[in-house]
Amino acid sequence: MSSATITLDDVLAEQPVPPGAGPRTKDRRFALIGAAGYVAPRHMHAIAATGNTLEVAVDPHDSVGILDSYFPETRFFTEIERFDR
């Protein structure tokens with residue numbers, strides 16, 4: 001039995017584009033709330049793996065060293081009030 005490698009591009013090519021969504025691109029910019037959370041590293045990995053960028057992140061805990069390994073230029077805030085500016 002042989003195994004086939006499926007890439008993200010293969011998966012995206014099979015997915016229909018919702019009406020009004022425009023063409024799929026890989027240069028989307030993201031913001032992350034809860035950057036020190038349990039699932040956040042998976043989200044960061046997925047954003048980086050798809051060729052997108054994480055522009056800004058916020059979390060009240062300043063223990064997000066993993067953020068620098070994926071996106072060293074990301075602006076990080078510990079106060080949600082500064083996040084929306």
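Strand E1 (residues 29–33) runs parallel to E2, and five bridges link the pair; strands count as paired if DSSP finds at least two bridges between them. Ile33 has Val58 of E2 as its bridge partner. Together, E1, H2 and E2 form a right-handed β-α-β unit, right-handed meaning that, with the strands pointing away from the viewer, the path from the first strand over the helix to the second runs clockwise. Helices (H or I, at least four residues) and strands (E, at least two) are DSSP runs, numbered from the N terminus.

This is a predicted model, in which local features need pLDDT of at least 70, side-chain atom pairs count only at pLDDT 80 or more, and totals for chains, interfaces and linings use all residues. Residues are numbered from 1 along each chain as its sequence is written, and side-chain values use heavy atoms, without hydrogens and water.

Beyond its neighbours within four places in sequence, Ala35 contacts (heavy atoms within 4.5 Å) residues including Ala40, Val64 and Phe76.

Thr50 lies in the loop between H2 and E2. Two distances involve Thr50:

| Pair | Distance |
|---|---|
| Thr50 and Arg28, C-alpha to C-alpha | 9.3 Å |
| Thr50 and Asn52, side-chain polar contact (N or O atoms within 3.5 Å) | 2.7 Å |

Technical notes. A polar contact is a pair of N or O atoms within 3.5 Å; within protein, one must be able to donate a hydrogen and the other to accept it, and residues adjacent in sequence count only if both atoms are side-chain atoms.
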